[in-house]
Amino acid sequence: MQEIKRHHRRSILAHAFVLFALALVYCNVSLAAAADEPAPNAELLTPLKLKKLPADKPFKYADVGAKIPNYIPSPKWGSQGQPHHTMQLPLPPEESIKRIAVPEGFHVELFAAEPDLGGKPLCMGWDERGRLWLAESVDYPNELHKSDGGRDRIRICEDTDGDGRADKFTIFAEDLSIPSSIAFTRGGILVHSGGQTLFLKDTNGDDRADERRVLFTGWAMNDTHGGASNMQYGLDNWMWGMQGYNKSSVRIGDKTTAFAQGFHRFRPDGSVIEFLRSTNNNTWGLGLSEEGLVFGSTANGCPSVFMPIPNRYYERVRGWTPSLTLDGIFDTDRISPITDKVRQVDHHGRYTAGAGHALYTARVYPERFWNRTAFVCEPTGHLIGFFALVDAGAGFRSANLGDFLASDDEWTAPTMAEVGPDGNVWFIDWYNYIVQHNPTPEGFRTGAGAAYETDLRDKVHARIYRVVYGKASEKPNGKAAGKNLTNASPEELVATLADDNLFWRRHAQRLLVERGKQDVVPQLVKLVADKSTDAIGLNVGAIHALWTLHGIGAIDEQHPESLHAAVVALKHPSAGVRRNAVQVLPPGSETTTAILNAR
């Protein structure tokens with residue numbers, strides 16, 4: 001009996017050790033990896049210097065009466081002083097763009113605006129043709145429809161002549177309500193709308209959805225700015241996303257998964273959903289690095305978070321539990337607006353509406369940006385913040401370097417910034433004088449979406465900009481760098497796995513996995529076997545090839561060539577490749593031995 005107990009204890013300890021080793025590599029640290037991580041250079045931690053705005057026409061104002069809430073710093077949330085009466089009038093996009101300051105070497109270009117757009121853009125994404133898709137809302141924030149009948153829509157915006165401006169606009173889907181996220185899958189899109197996740201598809205080639213089905217339900221929308229957002233296709237071929245502070249109960253089949261405010265992922269077919277880790281308040285930001293590191297941001301006072309280990313790694317070991325919430329990794333949550341015309345509810349002078357945490361994952365910008373800098377929007381401050389992500393032991397720290405972009409136009413409200421198909425950062429300017437959702441000021445009424453009701457909430461203006469590096473005359477960059485993966489051959493898709501922009505690599509990987517054929521295994525194995533690394537120590541082609549092999553079911557004993565390639569990748573010169581090799585290998589004693597031998 002004692003021998004059985006000792007064997008049982010050894011088994012538990014061995015299991016715990018292997019999980020711990022897996023977790024270490026999951027965090028991108030191992031005994032073998034630490035030495036090849038370059039120390040941050042001074043340039044990485046140097047704030048960007050924004051160009052001064054040129055003298056321009058003065059703003060115009062109107063007296064709107066006692067309609068502008070005046071939230072003041074106070075220990076009590078939502079404390080108010082005397083309401084303001086004077087409101088700046090909106091500017092046309094051609095004037096507002098002149099009020100946006102960016103760093104030396106960059107300039108801002110307008111891609112689309114009203115009247116070509118209708119409603120407020122809540123989110124955006126690009127398909128495998130490089131076309132921009134927008135979710136536009138009139139229902140937000142207080143007119144949510146839980147099923148069909150909403151006034152919101154998905155619009156495709158195309159630049160057909162390559163001049164950098166959208167000139168073709170197509171309504172893909174209507175009758176949606178507060179569509180908060182878009183992702184592409186299996187010839188269609190997934191969209192969170194009205195508490196549901198829908199699959200929408202055009203089956204006859206007219207760019208209008210004629211297939212519509214509910215993938216799953218249960219996203220809580222009692223507060224319309226506390227729902228699900230930021231769907232992104234992950235390296236692991238799952239859809240990743242964030243959940244705000246609403247407590248959702250997502251039902252798939254006979255299983256309900258309940259969670260609030262944090263990271264989650266689900267299979268693109270809607271068959272499984274997994275809650276990953278909790279954040280500390282309302283959450284709208286997700287950023288995935290080129291080697292699969294996971295970052296995020298929350299709305300209030302926590303602009304940068306690192307998710308080192310998902311809950312499942314703890315839950316597989318008896319007696320282990322994760323910490324309740326993830327703490328921030330930032331050095332300061334202060335913002336640096338270029339105007340004093342900033343209206344905030346709380347966290348005054350700090351991130352109080354932090355949105356997004358997109359890493360720079362292309363190679364158009366200078367090298368200091370590559371894969372270790374992130375953009376966090378703060379619409380109340382009329383700015384996009386800039387953060388440097390620096391290795392810190394088993395995790396990361398985030399240096400708040402001030403602004404990447406800022407405006408003194410009181411209507412400018414960046415809400416989403418992502419790297420586009422051209423390698424530049426694109427952002428949504430929600431362009432709204434009233435950004436605050438709640439609490440309800442004195443004399444106002446709380447609406448059905450938990451936002452206070454006011455006729456100053458704009459429903460008309462909408463702008464999409466690109467922050468372009470280089471001279472405006474050099475190239476338009478408008479037609480998504482000329483790429484279109486719609487009819488790409490399998491060989492072309494494999495080659496795209498090594499593209500210098502994560503945007504194209506993600507689509508290529510997704511299309512190969514959805515294709516589901518294993519005739520590309522030899523080409524993928526060749527990519528994995530490539531031992532070269534780039535200027536920042538990555539081999540992105542090997543990383544995506546590993547996950548493509550995993551996604552098409554080709555890393556197991558029935559596929560010895562690719563299984564061997566993954567094992568050999570445990571000793572790849574790039575720590576990022578090693579990290580992902582651990583994750584794609586099948587569980588078992590052989591994998592355990594291979595991992596231990598590789599350390």
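Threonine 283 in strand S19 (residues 283–288) stands opposite threonine 298 in S20, in what is a predicted model. The two strands, S19 and S20, are antiparallel and are paired over five bridges. Five residues lie between the strands of this hairpin, and glycine 292 there takes a positive phi near 90°.

On its other pairing, S20 meets strand S21 (residues 305–306), again in the antiparallel sense, over two bridges. Here glycine 296 stands opposite valine 305. The hairpin of S20 and S21 has six residues between the strands, with glycine 301 at a positive phi near 65°.

How well covered is strand S20 (residues 294–298)? Five of its five residues are buried. Side chains in a regular strand alternate between the two faces of the sheet. In S20, Val294, Gly296 and Thr298 point one way, while Phe295 and Ser297 point the other way, and all are buried.

**A four-stranded sheet**

Let us turn to another set of strands. An open sheet is built from four strands in the order S4-S28-S27-S26, with antiparallel pairing. Its edges are strand S4 (106–113) and strand S26 (414–419), each of which pairs on one side only. From one strand to the next, the twist averages 25°. Within this sheet, S27 (residues 425–429) and S28 (residues 463–469) are joined by five bridges, and phenylalanine 427 has tyrosine 465 in S28 as its bridge partner.

Nonpolar side chains tend to be buried together in soluble globular proteins. The largest nonpolar core here holds 69 residues, and Leu132 and Ile154 have the most contacts inside it. Helix H7 (residues 540–551) supplies the largest share of this core, seven residues. A second, separate core has 33 residues, including Ile100, Tyr360, Cys377 and Phe427.

**Two helices side by side**

Helix H7 also packs against another helix. The axes of H5 (residues 502–515) and H7 come within 9 Å and cross at roughly 25°. That angle is under 35 degrees, so H5 and H7 are roughly parallel to each other. Their crossing is right-handed. On the H5 side the meeting residues are Leu502, Arg505, Arg506, Gln509, Leu512 and Val513, and on the H7 side they are Val540, His544, Trp547, Thr548 and Gly551.

Most residues other than glycine have a negative phi, and most peptide bonds are trans. Some places to look at are listed below.

| Residue or bond | Backbone value |
|---|---|
| Tyrosine 140 to proline 141 | cis, omega near 5° |
| Asparagine 438 to proline 439 | cis, omega about 5° |

Arginine 186 is found in the loop between strand S9 (181–185) and strand S10 (188–193), whereas histidine 382 is in the loop between strand S23 (373–378) and strand S24 (383–392).

Is histidine 382 buried or exposed? Its relative accessibility is 3%, so histidine 382 counts as buried. Arginine 186 has a relative accessible area of 47% and is therefore partly exposed.

Methods: Residues numbered from 1 in each chain as written. Predicted model: local features only at pLDDT ≥ 70, side-chain atom pairs only at ≥ 80, totals over all residues. Heavy atoms only, no water. Pairing = 2+ DSSP bridges. Axes fitted to C-alpha atoms, helices over the stretch in contact; angles between N-to-C directions. Core = buried A, V, L, I, M, F, W, Y, C linked by side-chain atoms within 4.5 Å. Buried < 20%, exposed > 50% of the residue type's maximum accessible area, 1.4 Å probe, protein only. Parallel < 35°, antiparallel > 145°, perpendicular 65-115°, else oblique. Left-handed = near helix turned anticlockwise from the far one by under 90°. Contact = heavy atoms within 4.5 Å.
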